[in-house]
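This report walks through one model, sheet by sheet. Keep the structure in view while reading.

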Amino acid sequence: MYSSKKLKIGLIGGGPGSFIGAIHLNGALMDGMFELVAGAFSSNPEKSKQRGEEFMLDPSRVYATYDEMFAKELELPESERIDVVAIVTPNNVHFDPTAKALQHGFHVALDKPLTLNYEEAVALYPIVQQSDKRFLLTHTYAGYPMIKQAKQMIAEGKIGKIRKVYVEYPQGWLWKLLESEGNKQAAWRTDPKINGLAGCMGDIGTHAFHLAEYVSGEKVAEICAALYIKVEGRPIDDDGVVLLRFENGASGVLMASQTDTGVENNLKIRVYGEKGGLEWQQELNNSLLVRWPDAPDQIYRAGTGYLGSNANENTRTPAGHPEGYVEAFANLYRNFARCIYADRAGETPKPEWEDYPGIEDGIRGMAFIDHVLKSNESNLKWTPFIVQK
């Protein structure tokens, strides 16, 4: 299936000081299927040039804008031009480069969320659907082996019909007004013009929402949301809770906060069915806790022989050798590349390879944000708690 030609990446964003740009590249390059050959790394041409020098790229392929990159790359012979555009910009620069990249005939890997708002997502959806190119949305946690294991066990009916889903994403890094202290990440992630109208719920709540649907295999049908601003002076939410009702009748609770002081990044999910339950957390990501009503709890571990095909396909090291966040990104990029290679060879990709987030996940994530904002504004569900004496 594989050709001798690596897939060439053109990166948009990821300039000096970028956190997520480096993570994307480390993940993409891990398996030797991709190589970085071009980029428009910053809206500042000098910073883009600087980043190109740091990556030791041909100066002629370091561009001032992504429009210039698309135009100049298409002038090159097909064997030399970029194959994939990886977009690692703030949310307000997701729609335009994604749409143009696909329309120019490039595959796209996009950092989540899909777009700045739901309206852009609705406009982007048909562009992705009508393209013959592959589209990856990097909901990172879908790349963890034990998340794959949980999803497969549920799909195979091991814990029965799903009754309850708890998912929480606590962080504490925005415990104070960091955006007023020159913190670049805090500044754009709390700016509604750049990040979107949902802060915490748009940034990490979408990860929790995606994981709830991805692992359980069930779709959310109704929500009831409450958003909060815990740090005075912040213009958008930094904390929130959402009640969930799923199409199959299951209920759920989603909690997300970036002001849980002292917490690092411990995304957790618990799914309970008629026969058993599953629990996973990001800070102990190589373990999956399985609970039964009439037997002792079990702990499934990554890298072991008793796991399913999905987990094994996305496990890189023997049991007891930690792997985590970057490897989860790498799993998404590797599956993405395998599908591109299969398409080129006229072959059908393995189902395990096609198990990466795409446009359907993206538009549901943006719809989630839109409905959370509307639910929070309506305030219809809240009943005053009054004790009469």
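G10 stands opposite V85 in strand β3. Five bridges join β1 to β3 (residues 84-88), and the two run parallel. Helices (H or I, at least four residues) and strands (E, at least two) are DSSP runs, numbered from the N terminus. Two strands pair if DSSP finds at least two bridges between them.

This is a predicted model: local features need pLDDT of at least 70, side-chain atom pairs count only at pLDDT 80 or more, and totals for chains, interfaces and linings use all residues. Residues are numbered from 1 along each chain as its sequence is written, and side-chain values use heavy atoms, leaving out hydrogens and water.

Strand β1 (residues 7-13) also pairs with β2 in the parallel sense, over six bridges. There, L7 has F34 of β2 as its bridge partner. The open sheet has five strands in the order β2-β1-β3-β4-β5, with parallel pairing. β2 and β5 (135-138) stand at the edges with a single partner strand each, so one side of each is left without a neighbour in the sheet. From one strand to the next, the twist averages 20°.

Is strand β2 (residues 34-40) largely enclosed or largely open? Six of its seven residues are buried, so β2 is largely enclosed by the rest of the structure. Buried means under 20% relative accessible area, exposed over 50%, and partly exposed in between (1.4 Å probe, protein chains only).

## The eight-stranded sheet

A second open sheet has eight strands, in the order β7-β8-β9-β6-β10-β11-β12-β13, with mixed pairing. Its edges are β7 (220-228) and β13 (298-301); each has a single partner strand, so one side of each is left without a neighbour in the sheet. The twist here averages 15° from one strand to the next.

Strand β6 (residues 162-170) pairs with strand β9 (residues 251-257) in the parallel sense over seven bridges. K164 has S251 of β9 as its bridge partner.

Axes are lines fitted to C-alpha atoms, for helices over the stretch in contact (heavy atoms within 4.5 Å). Angles run from 0 to 180 degrees between N-to-C directions.

| Helix | Lies across | Angle |
|---|---|---|
| α6 (residues 145-155) | β6, β10 (268-273), β11 (277-281), β12 (287-291) and β13 | about 30° to β12 |
| α9 (residues 200-216) | β6, β7, β8 (239-246), β9, β10 and β11 | about 150° to β9 |

Helix α6 is mostly covered, with nine of its eleven residues buried. Among them are P145, M146, I147 and K148. Just after α6, G157 takes a positive phi of about 80°.

## A helix pair

Helix α3 (residues 66-74) and helix α4 (residues 95-103) pack at an angle of about 10°, with their axes 10 Å apart. That makes α3 roughly parallel to α4, a label for angles under 35 degrees. Y66, D67 and F70 of α3 meet D96, P97, K100 and A101 of α4. By class, this contact has four nonpolar, no polar and three charged residues.

## Cysteines

How many disulfides does the structure hold? It holds zero disulfides, a disulfide being a pair of cysteine sulfur atoms within 2.5 Å. C224 is in no disulfide; the nearest cysteine sulfur, that of C200, is 17 Å away. C224 counts as buried, at 17% relative accessibility. C339 is buried too, with a relative accessible area of 0%.

Key: Angles under 35 degrees count as roughly parallel, over 145 as roughly antiparallel, 65 to 115 as roughly perpendicular and the rest as oblique. Ala, Val, Leu, Ile, Met, Phe, Trp, Tyr, Cys and Pro count as nonpolar, Asp, Glu, Lys and Arg as charged, and the others, Gly among them, as polar.
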